[in-house]
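Morning, everyone. I have one structure to show, and I will keep it quick. Here it is.

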Amino acid sequence: MSPQGVARTYTNARRHPWVLGKLGDWAMPFGPYTPAQLVVLGGGAFVLIKTFAFWSWAGPIPVVLWLGSVWAVRGAQIAGQNPFTAIAGMLALLSRHPAGRVGTRIAKDKPPSHLWCRFTIAPALEPVGAQASEVPDAVRTAPAAAAVAAEGSGLSRLLAGAGRGTEG
């Protein structure tokens, strides 16, 4: 008997936006509200109370506009995100170091370093255990032909001048 896998889906959590003002079966009047709606509701109330002397001649129009704006931001999204998440992302982007981070440290370029190496040019070796009849003529004559062609080359002169030249 093989063990059975368990599959779970959480689509309801993704279909419904994050809402505030709902406890069990009870919800706030005309709610529940998204965080953006609560900010417009609270901020708008504060602004309307503080500027009452300025807009009082307009009657209920500013209050109706305020309530309409609370309704209008119910599904507000910035690039597919909740406005508070988008603003938090922008603040994080603006506050980070321009070079970025590696782990928890600020990324820095490494100082330049020199590459010290050596190479040796050696003649090709004959295949081990191969008899002369098994080795193709092209393989057997290629190193000798390359040595003849390279005698007058710049590489052979360079090696000869450094005391490492091949005896021809």
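Start with contacts, meaning heavy atoms within 4.5 Å. Among contacts in the protein chain with a separation of 6 or more, 38% link residues 24 or more positions apart.

Some ground rules. This is a predicted model, where local features need pLDDT of at least 70, side-chain atom pairs count only at pLDDT 80 or more, and totals for chains, interfaces and linings use all residues. Residues are numbered from 1 along each chain as its sequence is written, and side-chain values use heavy atoms, with hydrogens and water left out.

Next, secondary structure. The chain has seven helices and four strands. These are DSSP runs, numbered from the N terminus: helices are H or I, at least four residues, and strands are E, at least two. The order is α-β-β-α-α-α-α-β-β-α-α.

Now burial. Of the 168 residues, 9% are buried. Buried means under 20% relative accessible area, exposed over 50%, partly exposed in between, with a 1.4 Å probe and protein chains only.

Take helix α2, residues 35-50. Its 16 residues reach 23 Å from first C-alpha to last, close to the 22 Å expected at 1.5 Å a residue. That expected span is 1.5 Å times one less than the number of residues. Pro35, Ala36, Gln37, Gly44 and Leu48 are buried in α2. What covers them? The cover includes α3 (52-55), α4 (61-72) and α5 (83-95).

Last, Leu155. This residue sits in helix α7, residues 154-161. Leu155 counts as partly exposed because its relative accessibility is 44%.
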